[in-house]
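Please look at the structure below together with its sequence.

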Amino acid sequence: MPQSKISTEKLNLYYGAKHALKDITIRIRSNMVTALIGPSGCGKSTFLKSLNRMNELTDGARTEGKVYLDGEDIYGSGMDVTRLRKRVGMVFQQPNPFPMTIYDNIAYGPKVHGVRNKEKLDGIVERSLRQAAIWEEVENQLNRTAMGLSGGQKQRLCIARALAVEPEVLLMDEPTSALDPVSTLKVEELIGQLKGKYTIVIVTHNMQQAARVSDDTAFFLMGEMVEFDTTARLFVHPADRRTQEYITGKFG
Amino acid sequence: MFSLCAFTAVAAVFSITLYMIANGVPAIWQVGWKEILFSSVWQPVARDASFGILYVILTSVVGTFLAVLLGVPIGLFTAVFLAEAAPAWLAAVIRPAVELLAGIPSVIYGVLGMMILNPWMYCLEQMLFADSLTHQFTGGANLLSAVIVLAVMILPTVISISEAALRAVPPELKASSLALGASSVETIFRVTIPAARSGILTAVVLGVGRAVGEAMAISLVSGNSVNLPLPFCSVRFLTTAIVSEMGYAGGLHRQVLFTIGLVLFVFIMVINGILSGILKGERQG
Ligand SMILES: Nc1ncnc2c1ncn2[C@@H]1O[C@H](COP(=O)(O)OP(=O)(O)OP(=O)(O)O)[C@@H](O)[C@H]1O
Ligand SMILES: [Mg+2]
């Protein structure tokens, strides 16, 4: 079994009195795609946010338990949040480029992390846009505002923006749920190209998508992780009856 | 019925415009526009009368500019604090205070400025110009006092409109910046404020409009003599010229005051034009 990139141990998260994550223990394999599925409100986004400490931005959220990135406790005192978020990037559900040029969107992250050299930035911008399979579409309009792009292009731009800081892990929270089918397909292809180089964790409501893009799948229900297995096994031979019912569309 | 009401507003604007032009233009013909706009000698009641309003125009422009320069940063930082950082209880104290500030009649600002600000200014003036042989002492009623009063008066406009603009920035946009490793301060300056820029610009323009049009408060603190707008000089604004002279002016003098009104009117029109330009630009994305 390949080494795990991220692992959690008895991870619990509370929003005030609400117990949103219950004893989650999981090993996310390096350079693989892990899908998180489950009905609305089961804690998928919450779990994702606890992996780059974005949960700390929510008032009243409290985390217990451990999250390890390459064996290092990300909630430990030695962990710098800025560095953590450079290593663990995030793509959101709504495509949300910054209101600036395409170039500046991509260069934003590297600049935050101290890259000033113009040539170096140019290189990063081109590499990131190529990686996100959007370079050909925008190479002639780098200095135009990103707000004029289509929804699908915006989302790939956001992926490029996240890739620009050279993360090791990419967290994606329903990255295609606001996109049309063609754009969805493009993003799925992109995920296929990115895995191998990045460890990807993707939340999706779409069973076919989970089956298509992921190597492992975790099924969440009411804050608990009911089942975690390779995608091939989980979808064909789910061990838990609730998993079976969910993936066959009996509830959710 | 509704269209009739709407028509009232249009008719009012239309008739005011006509009236301003009809009353403001004759003096321009009589005195000559160059003489009015570019001469600095204002002696409307002298035997050999002179109607140059250059210093008055400059005072309004410079005074407004300085007030905005002072008020906008303070207002913007207050708005950022309210929208992004302030704990709920503190925001609950500041916000009503700001609203109250907007509701205070301008004459009160003037009186307070006269009672509090002017004496301070006088002290400062006495220190700075102790050895000066040429300085005309003003008792503290000077451009600087007017600028400070104006800056405070535009604060509520700047704060409430910028705060609304900052709050309208989607939370995911800020989250995206934070998720890239940016600090919250970097996020505010490099993402949130730029994303709210059209609203903030609107706030600035409305602040400018308020400052240009203000008369009562500054007539009490600015000293009211026609001078080049230097910080410690007693100065007269476009608005205060009208307020202080309209009561007794007659003949050509009175007509020139209408011309001053017309100049003020043009200023406000230009500001409104800029504002609608901004709003239009925003709608186009
Ligand atoms: N900021 C918050 N404060 C309080 N409760 C919250 C907060 N965010 C989420 N919750 C609660 O925590 C639970 C998990 O929410 P979460 O957003 O992680 O679900 P999800 O699986 O991502 O759902 P969805 O599929 O709808 O995105 C839900 O019951 C939700 O109501
Ligand atoms: Mg969610």
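What follows is a guided reading of this model.

This is a predicted model, in which local features need pLDDT of at least 70 and side-chain atom pairs count only at pLDDT 80 or more, while totals for chains, interfaces and linings use all residues. Residues are numbered from 1 along each chain as its sequence is written, chains are lettered from A and ligands numbered from 1 in the order in which they are written, and side-chain values use heavy atoms, with hydrogens and water left out.

On chain B, a nonpolar surface patch of about 830 Å² is formed by B:Val107, B:Ile108, B:Val111, B:Leu112, B:Met114, B:Met115, B:Ile116, B:Trp120 and B:Met216. Such patches are made of residues with over 30% relative accessible area and no salt bridge, where like charges are joined within 9 Å and nonpolar side chains (Val, Leu, Ile, Met, Phe, Trp, Tyr) within 5 Å; the areas come from the Shrake-Rupley method with a 1.4 Å probe, and for residues only the protein chains shown count as cover. Helix H5 of chain B (residues 106-128) gives the most to this patch, with eight residues, where helices (H or I, at least four residues) and strands (E, at least two) are DSSP runs numbered from the N terminus.

Elsewhere in chain B, helix H4 (residues 88-103) and helix H6 (residues 143-167) pack at an angle of about 135°, with their axes 8 Å apart; the axes are lines fitted to C-alpha atoms, for helices over the stretch in contact, and angles run from 0 to 180 degrees between N-to-C directions. H4(B) is therefore oblique to H6(B), given that angles under 35 degrees count as roughly parallel, over 145 as roughly antiparallel, 65 to 115 as roughly perpendicular and the rest as oblique.

A salt bridge (a side-chain nitrogen of Lys or Arg within 4 Å of a carboxyl oxygen of Asp or Glu) joins the side chains of B:Arg95 and B:Glu163 at 3.0 Å, N to O. This pair links distant parts of the chain, with B:Arg95 in helix H4 of chain B and B:Glu163 in helix H6 of chain B, 68 residues apart. B:Glu163 also meets B:Arg167 in a salt bridge of 2.8 Å, N to O, and B:Arg167 and B:Glu163 both lie in helix H6 of chain B, four residues apart, about one turn of the helix. B:Glu163 counts as buried at 7% relative accessibility, whereas B:Arg95 at 28% and B:Arg167 at 47% count as partly exposed (buried is under 20% relative accessible area, exposed over 50%, partly exposed in between, with a 1.4 Å probe and protein chains only).
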